[in-house]
Amino acid sequence: MMQSVIQLAAHLKTSLHSPANAVELKALERALGYPLPEQVRALYTTTNGLTFNAREGYPQPRLMTVEAVTEFLRVSEWDKRYFPLTANDDSNHYCVRCDEALMGYVVYVDHEDLPTIKFRDVDTFMKALQKYYHDGFTYPQEGLYDTNDPEAADQHDVHFDRMNIHGVPSQFLQPERTPHDLAAARRLITSVHETFRPDNRTHRYEMYLALWLLNDAEEIAALSRYVRMDFLIERLQSLPASHAQSTITQLTARLDMFTEQCAEKLRQFGLNVWNKFSSPVTYG
């Protein structure tokens, strides 16, 4: 039994579903092509999915049932290393990695953006969900907002967005990393660095995930061959300044130099471009 999901259900005032049985879980593993991580199995032997009782017309966050996951895997072109744990009617999912490189980590997979590593395990994610709803989550009351009032509409959007569970704060916003995190990052890097191709989306994603598992400025900077410079700088800026400032300065200088070189090439072809080093140039 997974106590954290039982507590989440109680907090949401929703009922646990009947647990999945061994036959259903075996069929799910066949569809996935990987053994279920231990905590995923514990969750589904506690409850086969969970609904969050959102108001009709709003996003419907939920833990997916075994049947829903199996069908999703059958009909979609999906990287099956990612077990889709949640759905929210927006094509984005909190997923659990099932392969050895990142086994058990919870990753938010956005269909329009890079994947984001969020939690070290499912149990921590369930506890974070409970805290997220406890810390002020409420459904808007009917008729509470005047849709003709822009300020009220903005307030409505804030509530609407809060129902979209992508807003649960990541465990990895904190600077601390465990030895397990660092080992996982190095496994990811090792798995793709020799064959890395910038046009290979899987390669890029693995390096981006590794970036957020590292916390040493020099190791992070060493990923500049694989990860966009602005992503590196963003990650370094989340570290204590005393650990990262000199590296940020070096990478920023490299990025500025590259930007100026690109701008100069474009100006050679008669294009009117400038950057922070130059004033607008007009060509006749």
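To start: are α8 and α10 roughly parallel or roughly antiparallel to each other? Before the answer, the ground rules. This is a predicted model, where local features need pLDDT of at least 70 and side-chain atom pairs count only at pLDDT 80 or more, while totals for chains, interfaces and linings use all residues. Residues are numbered from 1 along each chain as its sequence is written, and side-chain values use heavy atoms, with hydrogens and water left out.

Helices (H or I, at least four residues) and strands (E, at least two) are DSSP runs, numbered from the N terminus. By that definition the protein chain has 11 helices and seven strands.

Now the helix pair. Two packed helices are described by the angle between their axes and the distance between the axes. Axes here are lines fitted to C-alpha atoms, for helices over the stretch in contact, and angles run from 0 to 180 degrees between N-to-C directions. Helix α8, residues 201-213, packs against helix α10, residues 229-237, at about 20 degrees, and the axes are 10 Å apart. Therefore α8 and α10 are roughly parallel to each other; the cut-offs are under 35 degrees for roughly parallel, over 145 for roughly antiparallel, 65 to 115 for roughly perpendicular, and oblique for the rest. In the contact (heavy atoms within 4.5 Å), α8 supplies Tyr208, Leu211 and Trp212, and α10 supplies Phe231, Leu232, Glu234 and Arg235. Those residues divide into five nonpolar, no polar and two charged. For that count, Ala, Val, Leu, Ile, Met, Phe, Trp, Tyr, Cys and Pro are nonpolar, Asp, Glu, Lys and Arg are charged, and the others, Gly among them, are polar.

Next, the sheet. It is an open sheet of four strands in the order β3-β5-β6-β7, with antiparallel pairing; two strands pair if DSSP finds at least two bridges between them. β3 and β7 (116-119) are at the edges with a single partner strand each, so one side of each has no neighbour in the sheet. On average, neighbouring strands are turned by 40 degrees against each other, direction ignored.

Going through the pairs, β3 (residues 82-84) joins β5 over three bridges, and Tyr82 stands opposite Arg97 in β5. β5 joins β6 (residues 106-109) over four bridges, with Val109 in β6 as the bridge partner of His93. β6 and β7 have three bridges, and Thr116 in β7 is the bridge partner of Tyr108. Helix α5, residues 122-134, packs on this sheet and touches β5, β6 and β7, its direction making about 80 degrees with that of β7.

How many residues of β5 are buried? Five of five, over residues 93-97; buried means under 20% relative accessible area, exposed over 50%, and partly exposed in between, with a 1.4 Å probe and protein chains only. Over the 284 residues of the protein chain, 43% count as buried.

Last, Asn92, in the loop between β4 (86-87) and β5. Asn92 counts as buried because its relative accessibility is 9%. Leaving out residues up to four places away in sequence, Asn92 touches Thr86, Ala87, Tyr108, Val109, Asp110 and His111.
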